Amino acid sequence: MSPWHAQRMAALDFESSDKDADTARIVTCALISLNGGIPTDTRTWLLNPGIPMQPEAIKVHGITDEYAAEHGMPAEQGVGEIAKAITEVVAAGVPLVGHNIGGYDLNLLDRECQRHLGDSLEGVCRQPLTRVIDTMVLDRYCAPFRKRISETQGPYQMRTTAETYGLPWDEEQAHGAEYDALMSAQAAYKMGVIAHTPYRQRPGWVLGLRVNRFNALRDVTVEELHEQQVEWYREDAERYQKWLRDPVKAKEKHDPKAVIPTAWPLRPVGGAA
């Protein structure tokens, strides 16, 4: 069997009404099935969320309340179509890939399924999600301790990950669901290629890292990779919680009662990422 990064995968990304997965509504969605020697299949949706969007969200994706109301399909219809498409992907054993897909996107869809379809995402799929590839989780684990690029560009946001792995970045297309979904799939592929390249033949920036763990992505199944991400996400969340509770290290961000959820890729309702 081909290594996980060369197999068929379905890239998923949403643009939404706000950044809290528990309260946000889907505005756009892209689901792109690619790789595996099969032609690429791209599906996109534009929904009318039915509630006013936060100004910060509109600034990111550029879709106004008026435009979504005029051109978007009713939320219940759109969520139903998206959930059906995801169910087909999951039933076929194709992994879902995205950047922060377990930290945000799948939780957003889960809440929308409960809101409009009366069941959880896994309930709609009639099976647990066990084949998820989150490029943010992989990047944080394999190339840790990256510093912020600037005040506005974080160390593991989609643009930074894309540029780190040599992918061209178009800021005008960025923050569109289709573009971001495609970038996440390409980033996952790049990470898999590095992991399956002999150590001394890997890119110079990888060899120059103080810590690199790309070997963890080598010779594993998608299911094994999923289980590893569950653990990596939990460890990262626990470290962050400990840091926030430390007044010396966290300084102005210090929160002695900080609680960071550790569940991935789906967390209980009310457990903000």
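Predicted model: local features only at pLDDT ≥ 70, side-chain atom pairs only at ≥ 80, totals over all residues.
Residues are numbered from 1 along each chain as its sequence is written, and side-chain values use heavy atoms, with hydrogens and water left out. Local features need pLDDT of at least 70, side-chain atom pairs count only at pLDDT 80 or more, and totals for chains, interfaces and linings use all residues.

User: In what order do the six strands of the open sheet stand?
Analyst: Strands are DSSP runs (E, at least two residues), and helices are too (H or I, at least four), numbered from the N terminus. Two strands pair if DSSP finds at least two bridges between them. The pairing here is mixed, and the order is β4-β3-β2-β1-β5-β6.

User: Why is one side of β4 and of β6 left without a neighbour in the sheet?
Analyst: Strands β4 (73-74) and β6 (132-134) stand at the edges.

User: What angle does helix α3 make with β3?
Analyst: Helix α3 (residues 75-91) packs on the sheet, with contacts (heavy atoms within 4.5 Å) to β1, β2, β3, β4 and β5. Axes are lines fitted to C-alpha atoms, for helices over the stretch in contact; angles run from 0 to 180 degrees between N-to-C directions. The angle is about 155 degrees.

User: Is Glu112 buried or exposed?
Analyst: Glu112 lies in helix α4 (residues 101-116). Buried means under 20% relative accessible area, exposed over 50%, partly exposed in between (1.4 Å probe, protein chains only). At 0% relative accessibility, Glu112 is therefore buried.
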